[in-house]
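Subject: Structure handover and findings

Hello,

Please find the structure below, handed over for your own work. My notes on it follow.

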Amino acid sequence: MTGRLNSAQPYAIGLFRIVVGLLFACHGAVSLLGVLGGVDGKGATVETGAWPNWYAAVIELVGGTLVLLGLGTRIAAFIASGAMAYAYFKVHQPEALWPIENSGEGAAMYCWSMLLLVFTGSGAFGLDRLIPGRSSTPTGEKNRPSEPVTA
């Protein structure tokens, strides 16, 4: 059973990446484009250049789209993870210690989800695989069996 699950891992990571990227991009689209109700439920957008909301929305829309497509996944996910860490510690954490108390669950989950993608890469279905010379698997590791970091 473990062998079957391990062989499906790239596909599971690819689907995870697609869902996380789509949901993350939707947050940016709400703030920048006013779609899905906008920031006020009536189609309003954040003010251009307003710190930190507008910049976070750009990172969400662009980073989420890149993660969704599997194009530059590791870099986009790293920037997105940092943006969500900033959002959690500067916006949510001062309100209360625990995410459930300070409404920071989303920021915390996106931060850790994107950080996971930094280490796993895009998995299956990513556009990176269509670019010659680019792959989420480092050279020399394609035929080597995966091993845990610690024994």
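How far apart do the end C-alpha atoms of residues 57-87 lie, and how much of the span is helix? The distance between those end atoms is 11 Å, and the span is 90% helix and 0% strand. Please keep in mind throughout that this is a predicted model.

The question concerns a stretch that comes from a record. In an unreviewed entry, UniProt places the feature "transmembrane region" at residues 12-36 and 57-87. For residues 12-36, the end C-alpha atoms lie 28 Å apart, and the span is 88% helix and 0% strand.

Overall make-up

The protein has 6 helices and 0 strands, and from the N terminus its elements run α-α-α-α-α-α. It has 151 residues, of which 31% count as buried. Taking contacts between residues at least 6 apart in sequence, 64% join residues that are at least 24 apart.

The second largest pocket

This pocket holds about 590 Å³ of space. Its lining consists of 24 residues, and those nearest the centre are Asn53, Ala56, Glu60, Met84 and Ala87. Sorted by class, the lining has 16 nonpolar, 7 polar and 1 charged residues. Which helices each supply at least two residues of this lining? They are α2 (9-33), α3 (53-69), α4 (73-92) and α6 (105-120).

The loop between α2 and α3

Two backbone features fall in this loop. The peptide bond from Trp51 to Pro52 is cis, with omega near -10°, and Pro52 is placed in the loop between α2 and α3. Leu36 lies in the loop between α2 and α3 as well. Leu36 has a positive phi of about 55°, although this residue is not a glycine. Is Leu36 buried or exposed? Leu36 is exposed, because its relative accessible area is 65% and the cut-off for exposed is over 50%.

The loop between α5 and α6

A positive phi is also found at Ser103, a residue other than glycine, where the value is near 60°. Ser103 sits in the loop between α5 (99-102) and α6. With a relative accessibility of 55%, Ser103 counts as exposed.

Tyr86

Tyr86 belongs to helix α4. Which residues does Tyr86 contact once its neighbours within four places in sequence are left aside? The contacts are with Trp51, Pro52 and Val91.

Regards

Note on methods
Residues are numbered from 1 along each chain as its sequence is written. This is a predicted model: local features need pLDDT of at least 70, side-chain atom pairs count only at pLDDT 80 or more; totals for chains, interfaces and linings use all residues. Side-chain values use heavy atoms; hydrogens and water are left out. Helices (H or I, at least four residues) and strands (E, at least two) are DSSP runs, numbered from the N terminus. Buried means under 20% relative accessible area, exposed over 50%, partly exposed in between (1.4 Å probe, protein chains only). Contact means heavy atoms within 4.5 Å. On a 1 Å grid over the protein atoms alone, a cavity is a set of points where a 1.4 Å probe fits but cannot get out, and a pocket is an open set with protein on both sides within 12 Å along at least five of seven lines; lining residues have an atom within 4 Å of a point. Grid points are joined across faces, edges and corners, and a volume is the space filled by probe spheres set on the points. Ala, Val, Leu, Ile, Met, Phe, Trp, Tyr, Cys and Pro count as nonpolar, Asp, Glu, Lys and Arg as charged, and the others, Gly among them, as polar. UniProt positions are given in the numbering used here, feature names are shortened, and annotations may be inferred rather than shown by experiment.
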